[in-house]
Amino acid sequence: MAQKTNTQDQQAAIACDLGVQEAFNSGLELESRIAFLENYLSATGKSGYVLGISGGVDSTVAGRMAQLATERLRLKGRRAFFVAVRLPYGQQHDEEDASRALDFIRADHVMQVDIKPAVDAQRDSLAAAGLVFRDKAAEDFVAGNIKARQRMVTQYAIAGAMDCLVIGTDQAAEALMGFFTKHGDGAADLLPLRGLTKRRVRALGVVLGVPAKLITKAPTADLESMRPGLPDEVALGVSYDEIDDFLEGRPVREDAMQTVLDQYHATAHKRQPPAAPDGPDGCGGE
């Protein structure tokens, strides 16, 4: 019994730390998050938002919320716009889904930047410098992280040129599992999906009217060329339903519970600011 109570306490503490609320109303939650985007942009004085659109439910929901927020600001007489960016590595295998997402979002501006030349040039430069990987799979994994970081480099370049802020799509399920690239998709100016489980993001998608195919689509980071379209749940070794159950305080089978906890602790560094030594005692004090 003590072991079970300890596990439940861990669930509750982790969920709280990641911003997951016990109560959830999809309509109220959607309105709250659109208002957050509207108010934040107004407060910062920036001109708009930038977000990479992959064709998955997270970026589709965040993108439509950003578009609605900027439209509200324009109705109040303030300059505001949303830039949706397609960032394929060459030809994306699920390009049809990305196009469907863009059609739904109806962004003020749409851009497409192929990251393949930049990513391949980086890999060539590393090879020329003498970097050696233990095998092809390791090289492919590192290249996947380069792709994620290059996508963020591109979004920040656009944001810098257009006086915008960059939106990230990190939500509680990915944060729990550390399933994001440090300084890649984990880097952003604001996270409007923070604290939402995957099923709750999908619930917001239903309220927004996101096409059903995108809501039910199997999530994939699609970063590894040797395993294109690898489902997140295969990479994680646990289903999103089980991850969401963990975050929402529901029972989770023992092996799934251990997988989640192991991954959470192993990826703790991803959720922390850069480590640094402590400053001198009494700094700034009497």
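Predicted model: local features only at pLDDT ≥ 70, side-chain atom pairs only at ≥ 80, totals over all residues.

Leaving aside residues up to four places away in sequence, Phe82 touches Tyr49, Val50, Leu51, Gly63, Ala66, Gln67, Thr70, Ile105, Ala107, Asp108 and His109.

Now widen the view to the nonpolar core around it. Phe82 is among the residues with the most contacts inside the largest nonpolar core, along with Tyr49, Val61, Met65 and Ile167, and that core has 33 residues. Colour the elements that each supply at least two of its residues: helices H2 (26–44), H3 (57–75), H4 (95–105), H8 (198–208) and H9 (212–216), plus strands S1 (48–52) and S2 (81–86). Which helix gives the most to this core? That's H3, with seven residues.

There's a second, separate core to pick out too: it has 21 residues, including Ile14, Val238, Ile243 and Val260.

Next stop, H8. Select Lys198, Arg200, Val201, Leu204, Gly205 and Leu208, the buried residues of this helix. Turn the view to look down the axis of H8: the buried residues fall within an arc of 165°, so they line one face of the helix. Show what covers them, and you'll find H2, H3, H4, H7 (172–177), H9 and H11 (240–247) included. Just after H8, check Gly209, which takes a positive phi of about 90°.

Finish at the strands. S2 pairs with S3 (residues 109–112) in the parallel sense, over four bridges. Click Arg86 and you'll see Gln112 of S3 opposite.

Note on methods
Residues numbered from 1 in each chain as written. Heavy atoms only, no water. Core = buried A, V, L, I, M, F, W, Y, C linked by side-chain atoms within 4.5 Å. Buried < 20%, exposed > 50% of the residue type's maximum accessible area, 1.4 Å probe, protein only. Contact = heavy atoms within 4.5 Å. Arc of directions from axis to C-beta. Pairing = 2+ DSSP bridges.
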